[in-house]
Amino acid sequence: MTASAGASRRSDAEGAGFTASPQLAQALQQILVDLVELHLQGKQAHWNVVGHNFRDLHLQLDEIVDDARESADTVAERMRALAAWPDGRSDTVTATTTLPAFPEGEVSVSTVVDLVTARLHATADTLRTHHDQVDSEDPSTADLLHAIIDSLEKYAWMVSAENRSV
């Protein structure tokens with residue numbers, strides 16, 4: 001097969017792919033650690049929630065945990081695809097997360113609702129904080145962030161509804 005008129009072959013170097021800038025890599029790293037921390041705190045809440053409507057929240061927390069873990073994996077794998085190196089080690093997560101610590105011991109349903117809602121919003125805020133920078137450098141990665149933001153904000157709405165009344 002011959003190349004069409006006016007076309008030329010690319011060199012191997014030209015086909016090397018997109019590489020994240022240090023700023024993009026750092027933004028994705030911060031998003032990653034907050035998603036990992038959300039996953040861990042969601043599991044802590046899942047194990048220790050007590051009170052009225054315990055079972056429903058217990059099960060919903062597992063959904064949030066699974067989604068946070070899958071989102072963290074998506075971000076980490078995207079980092080690798082862009083030649084950046086994700087760091088999800090527990091020491092790194094603890095030292096760099098923007099989420100507040102979760103209390104130890106049993107926690108009432110209403111308190112867990114407030115704590116988890118706040119953490120869902122905080123994680124979404126981390127993604128929103130970095131979104132425009134990510135979008136200007138790599139719109140494909142920004143598309144991944146859109147889906148994660150949508151999911152986090154939907155969970156925040158659903159969880160927070162537990163403590164609302166009209």
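Contact here means heavy atoms within 4.5 Å. This is a predicted model, in which local features need pLDDT of at least 70 and side-chain atom pairs count only at pLDDT 80 or more, while totals for chains, interfaces and linings use all residues. Residues are numbered from 1 along each chain as its sequence is written, and side-chain values use heavy atoms, with hydrogens and water left out.

View 1. Helices (H or I, at least four residues) and strands (E, at least two) are DSSP runs, numbered from the N terminus. The order from that end is α-β-α-α-β-α-α. The C-alpha trace spans about 70 × 35 × 25 Å along its principal axes. The chain has a radius of gyration of 20 Å, whereas a compact globule of 166 residues would have one near 15 Å. That radius is taken over C-alpha atoms, and the globule rule is 2.2 Å times the number of residues to the power 0.38. Of the contacts with a separation of 6 or more, 81% join residues 24 or more positions apart.

**View 2. Asn48 lies in helix H1.** Its contacts, leaving aside neighbours within four places in sequence, are Gly105, Glu106 and Val107. Asn48 counts as buried because its relative accessibility is 19%. Buried means under 20% relative accessible area, exposed over 50%, and partly exposed in between (1.4 Å probe, protein chains only). Across the chain, buried residues make up 43% of the 166 residues.

**View 3. Ile31 is also found in helix H1.** Ile31 has 0% relative accessibility, so this residue counts as buried. Ile31 touches Val75, Thr126, Leu127, His130 and Leu145, not counting residues up to four places away in sequence. Asp125 is 94 residues from Ile31 in sequence. In space, the two are 9.7 Å apart, C-alpha to C-alpha.

**View 4. Thr19 sits in the segment before helix H1 (22–48).** Thr19 has a relative accessible area of 48%, so this residue is partly exposed. Thr19 and Leu82 are 63 residues apart in sequence. Their C-alpha atoms are 4.7 Å apart in space. Beyond its neighbours within four places in sequence, Thr19 is in contact with Leu82, Ala83 and Glu137.

**View 5. Asp138 occupies the loop between helix H4 (109–137) and helix H5 (139–160).** Asp138 counts as buried because its relative accessibility is 7%. The side chain of Asp138 makes a polar contact with the side chain of Thr141, at 2.3 Å. A polar contact is a pair of N or O atoms within 3.5 Å; within protein, one must be able to donate a hydrogen and the other to accept it, and residues adjacent in sequence count only if both atoms are side-chain atoms. Not counting residues up to four places away in sequence, Asp138 touches Phe18, Leu24, Arg78 and Leu82.

**View 6. Ala83 has a positive phi, near 65°.** Ala83 is a residue other than glycine. Its place is in the loop between H2 and helix H3 (90–96). Ala83 counts as partly exposed because its relative accessibility is 34%.

**View 7. Asn53 has a positive phi, near 70°.** Asn53, too, is a residue other than glycine. Asn53 is found in the loop between strand S1 (49–50) and helix H2 (54–81). Asn53 has a relative accessible area of 30%, so this residue is partly exposed.
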